[in-house]
Amino acid sequence: LQVFVNGRPIGGIVDTWAGYGSAETIEKRVLSLPPELARPVRSIAVRVVNDWFPAGEWPDREPVHISLGDREALVDSTVRSFGQGLVGFIPAYSCFLVIGAAGLFLLGLFLFDRSQRPALWLGLYCCCVGLVRVGSICGLFVPQIPVWVEEIEWALTIFEVYALVLFSFALVNRRVPRIYWILPATIIVLNIGTIAAILLPPHWALPLSLFVQVTCYNPMWSIFAFAGTAPFVAFWPWAKVRGRMRIVAPLCALWALLEAAFYLGQVIFGRQTWTGPVQTYWSISIMIVVVALVGYIFRDQRATADERAQLHGELTAARKVQRALMPEELDVAPGMAISVAFLPATEVGGDFYRCRILKNGSQRVVLGDVSGKGVAAALTSALLLGTADRCDDLPPASVLKVLNLAL
């Protein structure tokens, strides 16, 4: 913005935001005129240049509107216009708030159960969406945003689409193909171009900055859209999808198509997809898909928790049975002293022992270790103990032969 009084420029060019504060800027400049121009003031001219977006990027953007007059009326008009503009963002950004809240819930769920990797990636996606989208509307109130804040926002945008890839492959417990590494690599290239442009001398910085902005702009959105192929690759072949995945797989595919369409819109229509009804419809659709996926993950976590509780009860019962089969009080022949300590590494183990006095008065000690741990090893040890108890009249070599046949 630049002010002219009686045809002479007053002060330098001021970088202001869409007219916000312009009335105050003009008023201060007019009141601080040099004496030779203070009276009479025959004309006040204002030049406004909007260089936010390249020519043709927003073809339907209205020209800059300049209003001069009473200060209070101008402020009221600006506030009223600003408020009316924000009303249009309410549906979309309400959905983004819901998505962000769902992300915090999922991250809490992952901290409770670290095996829920899909909850981690979907939670990070939701948090990134909430921070980037809600942060963009908050940026309207901050005229000068630091460069490092914008870089963090770019990084979150990249991870937002990469989280879709990680979530899809985590659902089917498959490794992410290397081709999808192109997504995080994109932000590295863009950041290198941006940071290098800041550090280099002006005659080198300008060409590099223009190269990054012009050359990488459309390919960047196309690469983001490439993330939409992840669910189709992760669930392939779709004919083998079974159980609850028959519902989850189409939801992930719909989510991917919405993301791809949104980012391809940047290439076809420019940034118009970030405003207006397109963003509203997109945000509502994404919110519905995310809420459905959150419901699936929560239900899956509850089912896993129930299974673990049931398994814990079964392991506790198996431990009691194993303790009963191998008591601390031993059957020891006179003149001998035998003690035992049984400390399995898990709830139940494969070690077993038996001390018995045979009919002829001799002492028998059976000691063994089944390969492995857990319930399978404990059941095998119980089988061998039961078999050994029926071999009191056999010599040791015959006992081992019978145990081998039983095993």
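User: Which residues line the largest cavity?

Analyst: This is a predicted model. The count comes to one cavity of 30 Å³ or more, and the largest cavity has a volume of about 40 Å³. Its lining is made up of Arg 354, Arg 356, Arg 364, Val 366, Ala 388, Asp 389 and Asp 392.

User: Which elements give two or more residues to the lining of the largest cavity?

Analyst: Among the lining residues are Arg 354, Arg 356, Arg 364 and Val 366. The elements that meet the condition are β4 (351-357) and β5 (363-369).

User: How many residues of that lining are nonpolar, polar and charged?

Analyst: Val 366 and Ala 388 are in the lining, and both of these residue types count as nonpolar. Arg and Asp count as charged. The lining therefore divides into two nonpolar, no polar and five charged residues.

User: Is Ser 283 buried or exposed?

Analyst: Ser 283 sits in helix α11 (residues 276-325). Leaving out residues up to four places away in sequence, Ser 283 touches Ala 92, Cys 95, Phe 96 and Ile 99. Buried means under 20% relative accessible area. Because its relative accessibility is 0%, Ser 283 counts as buried.

User: What share of the residues in the protein chain is buried?

Analyst: The protein chain has 13 helices and five strands. Its accessible surface is about 24,400 Å², with 65% of that belonging to carbon and sulfur atoms. Of the 407 residues in the protein chain, the buried share is 36%.

Technical notes:
Residues are numbered from 1 along each chain as its sequence is written. This is a predicted model: local features need pLDDT of at least 70, side-chain atom pairs count only at pLDDT 80 or more; totals for chains, interfaces and linings use all residues. Side-chain values use heavy atoms; hydrogens and water are left out. Helices (H or I, at least four residues) and strands (E, at least two) are DSSP runs, numbered from the N terminus. Buried means under 20% relative accessible area, exposed over 50%, partly exposed in between (1.4 Å probe, protein chains only). Accessible areas come from the Shrake-Rupley method with a 1.4 Å probe; for residues, only the protein chains shown count as cover. On a 1 Å grid over the protein atoms alone, a cavity is a set of points where a 1.4 Å probe fits but cannot get out, and a pocket is an open set with protein on both sides within 12 Å along at least five of seven lines; lining residues have an atom within 4 Å of a point. Grid points are joined across faces, edges and corners, and a volume is the space filled by probe spheres set on the points. Contact means heavy atoms within 4.5 Å.
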